[in-house]
Amino acid sequence: MNFRPRRRETPELNLIPMIDVLIVLLIFLVLTTTFSREAELKIHLPEATGTDPSEDPGIEVVVDAEGRYVIEHRQTVNNQPETVKKALRLAVGERKDPLIVIDADKDATHQAVMTVLDVASQLGYRHVTFNAMHEPGGTAGGKP
């Protein structure tokens with residue numbers, strides 16, 4: 001009789017075929033994925049319907065297409081946020097929690113509008129709104 005213990009073969013897991021399958025799946029996913037560039041999206045901003053302005057018209061901040069600011073009919077010296085902050089603080093004066101109305105040109109940069117929003121937030125002004133075109137002949141905010 002043979003009493004020697006039998007040597008059992010240890011099972012092996014061959015990873016090479018699994019890696020090959022994963023590479024083929026990865027290539028398939030890369031080739032079938034469509035990539036879209038966010039910067040190339042064509043968007044059309046909606047027109048707003050609104051009511052007539054309230055009795056307090058608020059502090060008017062105009063942003064033109066070149067990124068210049070006019071606050072309460074006075075143009076700022078430059079486009080720096082600190083200058084806008086000083087001009088806005090001067091225009092508000094002693095009013096508590098004023099309404100800031102932003103009139104932005106349709107060709108104004110997003111950064112120029114965000115600068116006004118950021119400055120208003122830093123100064124603690126919570127009520128900020130925009131004037132928008134109501135229809136081709138009129139406006140929602142009461143401005144031509």
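How many bridges join strand 4 to strand 5? Four bridges join strand 4 (residues 99-104) to strand 5, and the two run parallel. Ile102 has Phe130 of strand 5 as its bridge partner. Two strands count as paired if DSSP finds at least two bridges between them; helices (H or I, at least four residues) and strands (E, at least two) are DSSP runs numbered from the N terminus.

The model is predicted: local features need pLDDT of at least 70, side-chain atom pairs count only at pLDDT 80 or more, and totals for chains, interfaces and linings use all residues. Residues are numbered from 1 along each chain as its sequence is written, and side-chain values use heavy atoms, with hydrogens and water left out.

The sheet is open and has five strands in the order 3-2-1-4-5, with mixed pairing. Strand 3 (74-75) and strand 5 (127-130) stand at the edges with a single partner strand each, so one side of each has no neighbour in the sheet. Strand 1 pairs with strand 4 in the parallel sense over five bridges, and Ile59 stands opposite Ile100 in strand 4.

Helix 2 (residues 81-92) lies across strand 1 (59-63), strand 2 (69-71), strand 3 and strand 4, at about 20 degrees to strand 2. Helix 3 (residues 110-122) packs on the sheet, touching strand 1, strand 2, strand 4 and strand 5, and its direction makes about 160 degrees with that of strand 5. Contact means heavy atoms within 4.5 Å; axes are lines fitted to C-alpha atoms, for helices over the stretch in contact, and angles run from 0 to 180 degrees between N-to-C directions.
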